[in-house]
Amino acid sequence: MMIDLSHFTPGLSLIGGLLIGAAAAVLVLFNGRIAGISGILGGLLSLPRKDMAWRITFLLGMIGAPVIANLLDKPAMAQIDASWGGILVAGFLVGLGTRYASGCTSGHGVCGISRGAIRSLVATLTFMATGFLTVFVQRHLLGG
Amino acid sequence: MTAITSLLAGLIFGIGLMVSGMSNPAKVQGFLDLAGRWDPSLAFVMAGAIAIASIAFLIAKRRKRSFMGLPMQLPASTAVTPRLVLGSAAFGVGWGLAGLCPGPALVVLGAGYPKAWGFVAAMVAGMIVFELLERAAPRVAGKR
């Protein structure tokens, strides 16, 4: 294994992580809800529709963060290497998969593990494993 | 009030994703590329987030209601089911393909990247397909 020191950002990533943890803390302590993005978004799409307001404002806050960053001339930089076809397949798999799994990186990976839920640990290890495998196949077997 | 605290939580979450570098799909894929030049940053994000969130959940678990008097809605399910594992596996494939999971996808969408709009549209489509399949098979509905 070779560590990519040119891209490794332990300090900023730790600080960003603390902020994500703080956001999850605010949502559970004030609203009594789990900061799981797929669940918050999925809840808007399921019937019967209920408690829409906090879901919508949470998502607006998430989308608003980079909008504010843009206005402050500190735009979020994103390099998206996947093709359009790859993006659409990936998005569909993420939407369907996270709803069947009742959670994603935030709901299981951050909140679930923080609650000590074995179920969430299993989910996290599973999506990390298939994520590793997918990138391995893509970059090292197919060479793209 | 509850809509405002969740807006704040969403905003902090989005800022955390940007600061941590996790709103950049190339960086996420750098973490998932164990066999290449590995960027361990995402592990530091998880560590920081879990450090704060685990304290918050320790407090949350002892309470029946949130600071604002809302019911504490922590997930009750503890079962490791096939749908949890298969859903997580599918999610991980999509995550690896694009380097995007639901939270960062919303942030990159807010930053104005067309491919993120495509990803989120496909993700919402995947979530709607889940809802339709759940409605078509009411026997298993609710068993998450």
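Guide: Let us begin with a definition: a helix axis is a line fitted to C-alpha atoms, over the stretch in contact, and angles between N-to-C directions run from 0 to 180 degrees. Please note also that this is a predicted model.

Visitor: What makes H1(B) roughly perpendicular to H5(B)?

Guide: H1(B) and H5(B) pack with their axes 10 Å apart, at an angle of about 90°. Angles of 65 to 115 degrees count as roughly perpendicular, and therefore H1(B) is described as roughly perpendicular to H5(B). On the H1(B) side the contact involves Phe13(B), Gly14(B), Leu17(B) and Met18(B), which meet Gly103(B), Pro104(B) and Val107(B) of H5(B).

Visitor: How do the residues of the contact of H1(B) with H5(B) divide into nonpolar, polar and charged?

Guide: They comprise 5 nonpolar, 2 polar and no charged residues. Gly counts as polar in this scheme, and the contact includes Gly14(B) and Gly103(B).

Visitor: Why is H5(B) called oblique to H6(B)?

Guide: The axes of H5(B), residues 102–110, and H6(B), residues 114–136, cross at roughly 135° and come within 8 Å. Roughly perpendicular ends at 115 degrees and roughly antiparallel applies over 145. The value of roughly 135° therefore makes H5(B) oblique to H6(B). The crossing of these two helices is left-handed.

Visitor: Which residues make the contact of H5(B) with H6(B), and into which classes do they divide?

Guide: H5(B) contributes Pro102(B), Ala105(B), Leu106(B), Val108(B) and Leu109(B), while H6(B) contributes Ala116(B), Trp117(B), Phe119(B), Val120(B) and Met123(B). The division is 10 nonpolar, no polar and no charged.

Visitor: How do you know that H2(B) is largely enclosed by the rest of the structure?

Guide: A residue is buried if 20 or more other C-beta atoms lie within 10 Å of its own. In H2(B), 7 of the 8 residues are buried, so this helix is largely enclosed by the rest of the structure. The buried ones are Pro25(B), Lys27(B), Val28(B), Gln29(B), Gly30(B), Phe31(B) and Leu32(B). Their cover includes H3 and H4 of chain B, together with helix H6 (118–141) of chain A.

Visitor: Why does Ile52(B) count as buried?

Guide: Ile52(B), which lies in helix H3 of chain B, counts as buried because it has 21 C-beta neighbours inside 10 Å, and the definition asks for 20 or more. Beyond its neighbours within four places in sequence, Ile52(B) is in contact with Leu18(A), Gly21(A), Ala22(A) and Ala25(A).

Visitor: What makes Gln73(B) partly exposed?

Guide: Gln73(B) has 14 other C-beta atoms within 10 Å. Buried requires 20 or more and exposed 12 or fewer, so Gln73(B) is partly exposed. This residue lies in the loop between H3 and H4 of chain B. Leaving aside neighbours within four places in sequence, Gln73(B) is in contact with Gly32(A) and Arg33(A).

Visitor: How many residues of the two chains are in contact, and which element of chain B gives the most?

Guide: In chain B, 109 residues are in contact with 105 residues of chain A. H1(B) gives the most to the side of chain B that touches chain A, with 18 residues. By class, that side of chain B has 71 nonpolar, 29 polar and 9 charged residues.

Terms used:
Residues numbered from 1 in each chain as written. Chains lettered and ligands numbered in written order. Predicted model: local features only at pLDDT ≥ 70, side-chain atom pairs only at ≥ 80, totals over all residues. Helix = DSSP H or I, 4+ residues; strand = E, 2+ residues; numbered from the N terminus. Parallel < 35°, antiparallel > 145°, perpendicular 65-115°, else oblique. Left-handed = near helix turned anticlockwise from the far one by under 90°. Contact = placed C-beta atoms within 7 Å.
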